[in-house]
Amino acid sequence: MKITIIHGQSHKGSTYHIAKMLSAKIGGDVTEFFLPRDFNSFCTGCTSCFEKSEKLCPHYKELEPLTKAIDNADVIILASPVYVYHAAGAMKVFLDHYGYRWMVHRPEEKMFSKQAVCISTAAGAGMKSTNKDMADSMFFWGIGKTYKYGVAVMEISWDRVKDKIKARIDKRTSALAVKIQKKQNHIKPAFKTKIFFNIMRIAQKNGFNKADADYWRKKGWTGKKRPWKQ
């Protein structure tokens, strides 16, 4: 199994250790990136990716290694500590660049057969809203199955996290890894994803813009073809 981890921070804290723990239990080849070290460019709002091509994004080449790793992965892990009740700014900056891949525009068909995990930690609270920040993109990308795991570690350093909490994390990540392993090669998008895709399919018959409309027609999605039925 191929796993790509996008760390929403460059330090190796609790979120990092949990993501690494989970990936080791899933097993396979792991590719990981650290934000903002490996990508730190803000979206300029030029709309070139929407209206023409993502290759015209001024940060396309810089982002390309991360995009290729995501596309090649069976499992995508997005890991962010809680920053003021939301995902780290570096994670938001990264996800901003994939607006063109949302189902409303030009979703990548590989996403519909992938699994994703959104992981967040905090000394106190905010994991639900942080995971939602990341999971929203996973839904609109068309990811087949997304899991969310948030945990209050009650510390700011992984070394100081109590053994009892680490034991719970170990148990939960083990159970999650088993679920992911069992689902591999058996991923089908949720009903909600299919409904949203079909709404976009109807809309794309006329098209929001030429780049999107041409893409959907080329894929055959405005007809009977679907990205989850290869």
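Lys224 lies in the segment after α8. Keep in mind throughout that this is a predicted model.

**Stop 1: from Lys224 to Arg201**

Lys224 and Arg201 are 23 residues apart along the chain, and their C-alpha atoms are separated by 10 Å. Arg201 is found in helix α7, residues 191-204.

Where is the nearest side chain of opposite charge to Arg201? Select Glu109: it is that side chain, and it is 15 Å away. Arg201 is buried yet has no salt bridge. A salt bridge needs a side-chain nitrogen of Lys or Arg within 4 Å of a carboxyl oxygen of Asp or Glu.

Next, show what surrounds Arg201. Leaving aside neighbours within four places in sequence, Arg201 is in contact with Trp216, Trp221, Thr222, Gly223 and Arg226.

**Stop 2**

Ile199 is partly exposed, with a relative accessible area of 45%. Together with Ile199 they make a nonpolar surface patch of about 330 Å².

**Stop 3: a salt-bridge network**

The structure holds 14 salt bridges. Start with Glu54 and Arg106. Their side chains meet in a salt bridge, 3.2 Å from N to O. The pair links distant parts of the chain, 52 residues apart. Glu54 is in the loop between α2 (48-51) and α3 (60-72). Arg106 is in the loop between α4 (89-96) and β4 (115-122).

Is Arg106 buried or exposed? Arg106 counts as buried because its relative accessibility is 6%, and the cut-off for buried is under 20%.

Asp212 has 0% relative accessibility, so it counts as buried. Show the three residues together: Glu54, Arg106 and Asp212 are linked in a network of salt bridges.

For another salt bridge, jump to Glu155 and Arg160. The closest N and O atoms of this pair are 3.0 Å apart.

**Stop 4: helix α6 and the positive patch**

Select helix α6, residues 163-183. Begin with Lys166, which lies in this helix. Lys166 counts as partly exposed, at 22% relative accessibility. Not counting residues up to four places away in sequence, Lys166 touches Trp158, Asp159 and Val161.

Now draw a distance from Lys166 to Ser14. They are 152 residues apart in sequence, but 9.9 Å apart in space, C-alpha to C-alpha.

Move along α6 to Lys183, also found in this helix. Lys183 is partly exposed, with a relative accessible area of 38%. With Lys183, they form a positive surface patch. Which helix gives the most to the positive patch? Helix α6 does, with 3 residues.

**Stop 5: the buried side of α4**

Select helix α4 and pick out its buried residues. Ala90, Met91, Val93, Phe94 and Leu95 are buried. What do the buried residues of α4 pack against? Colour β1 (2-7), α3, β3 (75-81) and α5 (127-141) to see their packing partners.

**Stop 6: backbone details**

Most residues other than glycine have a negative phi, and most peptide bonds are trans.

Go to Leu35 and Pro36. A cis peptide bond joins them, with omega about 5°. Pro36 has its place in the loop between β2 (29-34) and α2.

Continue to Thr47, which lies in the loop between β2 and α2. Thr47 is not a glycine, yet its phi is positive, about 65°. Thr47 is partly exposed, with a relative accessible area of 32%.

End at Tyr85, found in the loop between β3 and α4. What is the phi of Tyr85? It is positive, about 70°, although Tyr85 is not a glycine.

How values were computed:
Residues numbered from 1 in each chain as written. Predicted model: local features only at pLDDT ≥ 70, side-chain atom pairs only at ≥ 80, totals over all residues. Heavy atoms only, no water. Helix = DSSP H or I, 4+ residues; strand = E, 2+ residues; numbered from the N terminus. Buried < 20%, exposed > 50% of the residue type's maximum accessible area, 1.4 Å probe, protein only. Lys, Arg positive; Asp, Glu negative; His and termini not counted. Contact = heavy atoms within 4.5 Å. Patch = residues over 30% accessible without salt bridge, like charges linked within 9 Å, V, L, I, M, F, W, Y side chains within 5 Å. Areas by Shrake-Rupley, 256 points an atom, 1.4 Å probe, with all protein chains shown as cover. Charge placed at Lys NZ, Arg CZ, Asp CG, Glu CD.
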